[in-house]
Amino acid sequence: MKRIVFAVAAVALAGASLAGGAVLPTVKTAGVGTLGKVVVSASGRTLYHYTDESKGKVDCTGACAKLWPPLLVKAGAKPVAGPGIAGAKLGVVKRPDGTSQVTYGGLGLYLYSGDKKAGDSNGEALENSWFAVSPAAKIVKAKPAADSGGGSYGSSGYTSTTSGSTGSGY
């Protein structure tokens, strides 16, 4: 009998502590592939900004919003900053349908329906208009995979696919 009472008390205590105040962040930061640290949802999915939108204006609605679901909070709720996020940069913008979309540094945040799990970044640079957002509230553009840096001729990343090519065809 003592075990049952103890188990019930432990479960009640755990439930009370979870309900008591642990507020999950709306957004946080995480390292995502070649993008580095970017703003992600509470579940770790990459968040993007539509660069055709100006601050405070929503252009992605209808079919666009089905492909690029906006990150929403309940009406009247404030987004919560997680690790790596400047709380002062979080805000909301009212969408044409009346819902409240989360913004970071004035940039509307969207998920991409083609990203299936945390760490995916399949929406990066799509239509040259959708980009991840940095913790500094700036657009993030992935570095080309072929770029090995250095700036010298030997590190240009160019590879000939034609055998016997001398590279003088320019």
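This is a predicted model: local features need pLDDT of at least 70, side-chain atom pairs count only at pLDDT 80 or more; totals for chains, interfaces and linings use all residues.

Visitor: With which side chain does Lys-57 meet in a salt bridge?

Guide: The general idea is that side chains of opposite charge can pair when their charged atoms come close. In this model, the partner of Lys-57 is Asp-59, with 3.5 Å from N to O. Asp-59 is likewise described as partly exposed, at 33% relative accessible area.

Visitor: How many salt bridges does the count come to?

Guide: The count is two. Besides the pair already described, Lys-117 and Asp-120 are joined through their side chains, with an N to O distance of 3.0 Å.

Visitor: Are Lys-117 and Asp-120 buried or exposed?

Guide: Lys-117 is exposed, since its relative accessibility is 52% and the cut-off for that word is over 50%. Asp-120 is buried, because its relative accessible area is 14% and the limit for that word is under 20%.

Visitor: Which residues form a disulfide?

Guide: In general terms, a disulfide is a covalent bond between the sulfur atoms of two cysteines. The search of the whole structure finds one. It links Cys-60 with Cys-64, and the two sulfur atoms are 2.0 Å apart. The angle about the S-S bond is -105°, and the link is left-handed. As for its two ends, Cys-60 is buried at 0% relative accessible area, whereas Cys-64, at 23%, is partly exposed.

Visitor: How are strands to be read, and what joins strand 1 to strand 2?

Guide: A general point first: in a regular strand the side chains alternate between the two faces of the sheet. Here, strand 1 (residues 27-32) and strand 2 (residues 36-41) run antiparallel and are joined by six bridges. Within this pairing, Gly-31 has Lys-37 of strand 2 opposite to it. The two strands form a hairpin with three residues between them, and Gly-33 in the turn has a positive phi of about 45°.

Visitor: In what order do the three strands of the open sheet come?

Guide: The order is 3-8-9, with antiparallel pairing. Strand 3 (48-50) and strand 9 (139-140) are the edge strands, each pairing on one side only. Strand 8 (residues 130-133) pairs with strand 9 over two bridges, and Val-133 stands opposite Ile-139 of strand 9.

Visitor: How is a nonpolar core read, and how many residues has the largest one?

Guide: In soluble globular proteins, nonpolar side chains tend to be buried together. The largest nonpolar core in this model has 14 residues, and Val-27, Val-39, Leu-47, Tyr-104 and Leu-109 have the most contacts inside it. A second, separate core has nine residues, including Tyr-48, Val-58, Tyr-110 and Tyr-112.

Visitor: With which residues is Val-39 in contact, leaving aside its neighbours within four places in sequence?

Guide: Among them are Val-27, Leu-47, Ile-85, Tyr-104, Leu-109 and Val-133. The list also includes Lys-28, Thr-46, Ser-134 and Pro-135.

Visitor: Lastly, where does Ser-43 lie?

Guide: Ser-43 is in the loop between strand 2 and strand 3. At 55% relative accessibility, Ser-43 is exposed.

Key. Residues are numbered from 1 along each chain as its sequence is written. Side-chain values use heavy atoms; hydrogens and water are left out. A disulfide is a pair of cysteine sulfur atoms within 2.5 Å. Buried means under 20% relative accessible area, exposed over 50%, partly exposed in between (1.4 Å probe, protein chains only). A salt bridge is a side-chain nitrogen of Lys or Arg within 4 Å of a carboxyl oxygen of Asp or Glu. Two strands pair if DSSP finds at least two bridges between them. Helices (H or I, at least four residues) and strands (E, at least two) are DSSP runs, numbered from the N terminus. A nonpolar core is a set of buried Ala, Val, Leu, Ile, Met, Phe, Trp, Tyr and Cys residues joined through side-chain atoms within 4.5 Å. Contact means heavy atoms within 4.5 Å.
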